[in-house]
Amino acid sequence: ENARMDVGQGQMISYTPPFGQAHMYFCDSNNHAFRRISPTGMVETLAGYRDINNGNAAGSGADDGQGSSAKFFMPIGLDVDRSSGLFYIADTGNKNIRVFDSSTYTVRTLDVVGVSLQSPWGLTFDADNNMLYVSDPDDGLGRIKSIDMSSNPAIVMSLLFEELDSDGNLYPAANDVVEHP
């Protein structure tokens, strides 16, 4: 792609689809886009865009759709459900989680109930892809939200952790009130 890219903060992950080559996927927050880098170094915009001729926010939004018709506003974090190949994107500026289907290049907003997201940032799935954990630093308490992916709509709960041991395990606060619908 021969376009100017002003890459901002975000996560980058490597994913090899079944019977495919590994690509690097990343959220390009400054350009409101989701992109990948091929093994040969070619950058491809998969969804979203920024119109560099019309200012920094041009192209941002919350529209679901395919390719450049889908809109993001400062996407930051991402993870992939390796069993389905669906990418989950923290659309930080829109305060929601978006789902990118790599087989159709379509983006949709994840339907959730429960605790609201204020500033979703980092994302990670548990080993079975049943729970998606979301860091939400601007919720006033810096909580990690868990999203139960086995329910429809997905249920968001809020967790407060007070201890991190030397092995990287998080422990919930003893007096934490878990918020849920």
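Is Asp 64 buried, partly exposed or exposed, and what is the relative accessible area of Asp 64? Asp 64 is partly exposed, with a relative accessible area of 40%, where buried means under 20%, exposed over 50% and partly exposed in between (1.4 Å probe, protein chains only).

## Basis of the model

This is a predicted model, in which local features need pLDDT of at least 70 and side-chain atom pairs count only at pLDDT 80 or more, while totals for chains, interfaces and linings use all residues. Residues are numbered from 1 along each chain as its sequence is written, and side-chain values use heavy atoms, with hydrogens and water left out.

## Strands and sheet

The protein chain has 0 helices and 16 strands, these being DSSP runs numbered from the N terminus (helices H or I, at least four residues; strands E, at least two). An open sheet with antiparallel pairing is formed by 5 strands in the order β5-β9-β8-β7-β6, and two strands pair if DSSP finds at least two bridges between them. Because β5 (65-66) and β6 (75-81) each have a single partner strand, one side of each is left without a neighbour in the sheet.

## Salt bridges

The whole structure holds 5 salt bridges, each a side-chain nitrogen of Lys or Arg within 4 Å of a carboxyl oxygen of Asp or Glu. One of them joins Arg 98 to Asp 64, with the closest N and O atoms 3.1 Å apart. Arg 98 lies in strand β8 and Asp 64 in the loop between β4 and β5, so the pair ties together parts that are 34 residues apart in sequence. Salt bridges that share partners join Asp 64, Asp 91 and Arg 98 into one network.
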